[in-house]
Amino acid sequence: MKTSDKIRQLRIEKGLSQEALGELVGVKKAAINKYETGRVVNIKHATLIRLADALGVEPVDLLESTDSSTAVYGRKIIKMEGSSMAPALLDGDYVVLRLQSDINHNGQVAYVKIGDQEESLMYVKNIDHGMMVYKNDYEAFPSRVYSEKEIKELPVRILGIAVKLIRTLL
């Protein structure tokens with residue numbers, strides 16, 4: 001569902017007019033109309049947060065959804081499921097990824113796809129002639145080293161790099 005549709009749907013569910021929502025957010029009715037019709041697609045981060053607060057949802061809930069994650073502006077937001085990366089990342093956390101295919105430094109959290117397995121968040125380290133991937137739950141997910149040949153043949157692909165953590169404290 002598009003951000004514009006989500007804003008409109010939530011506003012109607014809350015029984016708010018565009019003018020009333022605008023007052024809560026600190027913008028004019030015309031701005032709300034533009035958000036709902038999709039004429040403004042690059043909503044400022046601060047405005048998105050105020051919209052989410054006014055509508056009683058998390059900011060990520062307003063972003064355009066694609067499958068179980070959200071893609072917007074060269075970034076992807078995914079929801080952490082499970083405890084394989086605890087305590088750094090907890091079940092229910094949202095992780096903002098910068099979409100890129102390489103890592104900037106060793107030990108970085110990356111969104112990785114190995115062969116035909118599901119994409120997963122894990123630590124990535126460059127090593128001589130290859131790459132090591134690992135998670136915090138070593139028993140369930142032992143570290144694995146891939147040679148340059150395996151990286152190409154499987155393939156092992158880095159889809160994005162974790163750049164921000166969004167955690168609800170309630």
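Axes here are lines fitted to C-alpha atoms, taken for helices over the stretch in contact, and the angle between two of them runs from 0 to 180 degrees between N-to-C directions. The legends below describe a predicted model.

**View 1. Helix H2 against helix H4.** The axes of H2, which covers residues 18–25, and H4, which covers residues 45–55, come within 9 Å and cross at roughly 120°. That angle makes H2 oblique to H4, and the crossing of the two helices is right-handed. On the H2 side the contact is made by Leu 21, Leu 24 and Val 25, while H4 contributes Thr 47, Arg 50, Leu 51, Ala 54 and Leu 55. By residue class, the contact of H2 with H4 divides into six nonpolar residues, one polar and one charged.

**View 2. Helix H2 against helix H3.** The axes of H2 and H3, the latter formed by residues 29–37, come within 8 Å and cross at roughly 105°. The two helices are therefore roughly perpendicular to each other, since angles of 65 to 115 degrees are counted in that class. Gln 18, Glu 19, Leu 21 and Gly 22 of H2 make this contact with Lys 29, Ile 32, Asn 33 and Glu 36 of H3. The residues of the contact of H2 with H3 comprise two nonpolar, three polar and three charged. Leu 21 of H2 takes part here and also in the contact with H4.

View 3. Ser 84 lies in the loop that runs between strand S3 (75–79) and strand S4 (94–99). With a relative accessible area of 8%, Ser 84 is buried, because the cut-off for a buried residue is under 20%. When residues up to four places away in sequence are not counted, Ser 84 touches Lys 135, Asn 136, Asp 137 and Phe 141.

**View 4. The protein chain as the setting for the close-ups.** The protein chain has five helices and nine strands, and read along the sequence its elements follow the pattern α-α-α-α-β-β-β-β-β-β-β-β-α-β. Its radius of gyration is 19 Å, well over the 15 Å that the globule rule gives for 170 residues, so the chain is more spread out than a compact globule. Along its principal axes the C-alpha trace spans about 60 × 30 × 25 Å. Buried residues make up 40% of the 170 residues, and among contacts between residues at least 6 apart in sequence, 48% join residues at least 24 apart.

Methods: Residues numbered from 1 in each chain as written. Predicted model: local features only at pLDDT ≥ 70, side-chain atom pairs only at ≥ 80, totals over all residues. Heavy atoms only, no water. Helix = DSSP H or I, 4+ residues; strand = E, 2+ residues; numbered from the N terminus. Parallel < 35°, antiparallel > 145°, perpendicular 65-115°, else oblique. Left-handed = near helix turned anticlockwise from the far one by under 90°. Contact = heavy atoms within 4.5 Å. Nonpolar A, V, L, I, M, F, W, Y, C, P; charged D, E, K, R; others polar. Rg over C-alpha atoms; globule rule 2.2 N^0.38 Å. Buried < 20%, exposed > 50% of the residue type's maximum accessible area, 1.4 Å probe, protein only.
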